[in-house]
Amino acid sequence: MNNDMLAMSLCEIAEAIQKRKVSSLEVTEAVISRAQQLQTTLNGFIFLDAEQALKAARQADELQARGEATGLLHGIPLAHKDMFYRAGRASTCGSKLRKEFVPNYTSTVLSRLDEAGALDLGGLNMSEFACNPFGLNILVGRACNPWNPDYISGGSSSGSGVTVAARILYGALGSDTGGSVRLPAAICGVVGLLPTNTRVSRYGVMPLSFSLDNAGPIARTVRDCARLTQVIAGFDPMDPTSSTREVPNYEININAPIKGVRIGLPVQHHGTRIASDVRAALEASIKVFREHGAEVLEIQTPEPEPFDVLANTIILSEAAAIHARWLREQSDEYTPIVRERLEFGFSFPAVKYVEALSLRGNLLNDYLDKAFNKVDVLLLPMLSEPVPTMASIEKMLNAGPDLSFNLAMHTRLFNYLGLPSLSIPCGFSDNGLPVGFQLVGAPFSEDRLFNLGHVFQ
């Protein structure tokens with residue numbers, strides 16, 4: 001029965017608990033057992049609080065027995081990237097500098113998951129301070145790809161991608177500043193959402209970039225991702241930058257027919273730089289959408305490189321400001337690649353930083369006009385090449401140049417523009433590692449992305 005439970009999606013296990021086919025305690029015991037079994041191999045957790053989780057599962061079952069269980073996620077064990085603060089519990093952010101940091105307040109997204117009845121098993125592995133796309137971690141070592149531990153898991157939400165893909169967890173939260181939810185989701189073969197900027201509160205989440213950070217879910221299916229987004233989205237008075245726009249029911253139209261929906265293939269992202277095996281998986285995916293009645297056409301969009309430069313200017317400038325004191329006083333506590341990237345942020349003149357911020361509005365309007373004047377959504381790759389090995393990344397890092405631009409070349413521009421993007425697995429490359437594509441929409445079009453992604457799956 002344990003294997004059957006662990007194979008279910010988040011929505012399926014929620015229904016099973018609701019109908020009392022299984023108890024929260026049974027599910028939680030199975031999840032903890034698998035987490036402990038695979039921890040040595042995959043290193044998905046920074047810490048696992050089994051005792052507290054089992055206590056919470058018993059309480060969830062007691063509530064249900066009294067008829068008081070009403071949340072969308074009642075009794076479901078989850079865990080999250082170890083940068084979402086919970087009062088009274090250490091939050092390491094994957095760093096030596098914060099290994100003993102204990103916040104006295106809880107992030108809004110964790111509070112909303114609590115209110116929906118979810119359980120919290122602990123903190124998941126992550127790139128140090130969410131600051132590299134490879135999953136490198138100085139505190140506990142990297143999380144390993146469950147398809148092949150020799151390959152990278154992606155970052156910075158590495159543990160979230162690994163544990164969901166390994167069928168340990170039904171879902172997890174990550175953060176995405178340049179691709180950090182979508183990259184590990186694609187690399188590990190699961191689903192990940194970058195929400196519209198301001199859609200989800202950032203209160204109580206360790207920042208990397210005040211302007212471009214986003215919290216988003218990683219899950220096994222698009223429907224699971226929609227349910228998690230339903231729970232965490234919406235205005236938060238503790239985060240005045242969060243949107244007051246009403247949150248729709250993301251599941252209500254998830255099965256709607258997609259006949260007539262116009263899907264654009266930006267030629268700037270589908271060019272000759274795409275590896276042949278990745279291209280084959282993308283073309284097979286496009287065929288599925290056509291078979292369901294969607295209209296697919298090539299379109300011209302602005303080149304991604306200038307957006308990448310502007311995004312990096314903002315991210316690294318703001319990250320350097322956040323880390324300035326630690327970099328002065330405890331620089332040896334950082335992994336060299338993280339320290340070098342953060343210190344590079346000091347090299348940007350204030351004029352360039354302000355310019356990158358001030359251009360966002362006009363560039364967004366221009367992109368929306370060019371990208372969505374003929375289509376409803378965009379479909380483009382997550383990675384141009386098959387997932388790289390960890391050895392190849394280490395060789396590259398030792399040589400000096402930074403591959404992060406190439407790894408995030410299809411993702412970071414949407415953080416800059418604040419557009420929602422849904423990463424969906426679509427097959428495997430010749431090396432046996434997953435391939436993913438992303439659907440990108442206009443602001444606050446998550447419901448359309450979920451509909452298209454669910455129909456595809």
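The mean positions of the 40 positive and 48 negative charges of the protein chain lie 2 Å apart. Lys and Arg count as positive and Asp and Glu as negative, with His and the chain ends not counted; a charge is placed at NZ of Lys, CZ of Arg, CG of Asp or CD of Glu. This is a predicted model, in which local features need pLDDT of at least 70 and side-chain atom pairs count only at pLDDT 80 or more, while totals for chains, interfaces and linings use all residues. Residues are numbered from 1 along each chain as its sequence is written, and side-chain values use heavy atoms, leaving out hydrogens and water.

**Overall shape**
- The C-alpha trace spans about 60 × 55 × 45 Å along its principal axes.

**Burial and contacts**
- Buried residues (under 20% relative accessible area, 1.4 Å probe, protein chains only) make up 60% of the 457 in the protein chain.
- Of contacts (heavy atoms within 4.5 Å) between residues at least 6 apart in sequence, 77% join residues at least 24 apart.

**R227**
- R227 sits in helix α8, residues 222–232 (helices are DSSP runs of H or I, at least four residues, numbered from the N terminus).
- R227 counts as buried because its relative accessibility is 14%.
- Beyond neighbours within four places in sequence, R227 contacts L10, C11, A14, L72, L73 and E251.
- L97 is 130 residues from R227 in sequence and 34 Å away in space, C-alpha to C-alpha.

Key
Buried means under 20% relative accessible area, exposed over 50%, partly exposed in between (1.4 Å probe, protein chains only). Helices (H or I, at least four residues) and strands (E, at least two) are DSSP runs, numbered from the N terminus.
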